[in-house]
Every structure is written in structure tokens, then in C-alpha cells.
Amino acid sequence: MNTTLAGRRGEALAAAYLRKKGYCILAAGYRSPYGEIDLIARRRGVTAMVEVKARASDRFAQAMEYVDARKQQRIRLTAQQWLAQQTDDPQVRFDVVEVYPGGRVRHIENAFQ
């Protein structure tokens, strides 16, 4: 399976997981000149900018470890772009959803702290 297809599958699994947890998916694959946010979801007045990391294994490292400072900065800049287009002023946080084989999902809230 190529990485694009695996990434899309991971994003679909992450979106389904978040919906089950009561999130409303506001956007998927939001792009700006700075980068992309995989999912933008809202629950209980909090908007989560979600980076999805699909990995074949966690044998060598957790998927979260691949979201380095540079990637976090690009996501923050992209989030600012999205927020500038909104009419409300939501509370925002940055999450990571790790997706592993067999549909195993791990949601890390406030992952960029």
C-alpha cells in the first residue's frame, strides 16, 4: 500500500474515532501556504487541530515522535490561517491521533505542549 493511500485510510479511521468520541469534523485536509491540517474537529466548544500519524508499527518509535518542532510550527501557522477565516473565536488545542495496524487508535490531546 502506498503512503498516500495509507495516510488517507489513517485519516478516515481517525475521523471515525473522533466522531465516536462526540467530535464534529469541521474540515479534513485543510491546506494553506504553510502546510496542511489533517482534521479540524470540535467538541464542547473546543476546536482541535489534529495531526494524524498512521504507522505500520510502533516497534521503533511512537507515531507522535514524528511530529517534530518544525511540523508543529507549520500546523500552528496553518491553524492561524483557518482561524482568521472563522466568525467565532474558538478555544483551540493541537492533538495527534496515532493509527496503527488493526485499527488501533491513540488520541493525544494537547500534544504540542
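A salt bridge here is a side-chain nitrogen of Lys or Arg within 4 Å of a carboxyl oxygen of Asp or Glu. What you have open is a predicted model, where local features need pLDDT of at least 70, side-chain atom pairs count only at pLDDT 80 or more, and totals for chains, interfaces and linings use all residues. Residues are numbered from 1 along each chain as its sequence is written, and side-chain values use heavy atoms, leaving out hydrogens and water.

Start by selecting Arg43 and Glu109. Their side chains meet in a salt bridge, 3.9 Å from N to O. Arg43 sits in strand β2 and Glu109 in the segment after β5, so the pair ties together parts that are 66 residues apart in sequence. (Strands are DSSP runs of E, at least two residues, numbered from the N terminus.)

Next, pick Arg93 and Asp95. Their closest N and O atoms are 2.8 Å apart, and both residues are buried, meaning under 20% relative accessible area, while exposed means over 50% and partly exposed is in between (1.4 Å probe, protein chains only).

Now try Glu98 with Arg106, a salt bridge with 3.0 Å between the closest N and O atoms. Glu98 is buried at 0%, whereas Arg106 is partly exposed at 38%. Salt bridges that share partners also join Arg43, Arg93, Asp95 and Glu109 into one network.

Last stop: the backbone. Most residues other than glycine have a negative phi. Select Arg44, in the loop between β2 (35-43) and β3 (46-54), and you'll find a positive phi near 55°. Asn110, in the segment after β5 (104-108), has a positive phi too, near 50°.

Methods. Helix = DSSP H or I, 4+ residues; strand = E, 2+ residues; numbered from the N terminus.
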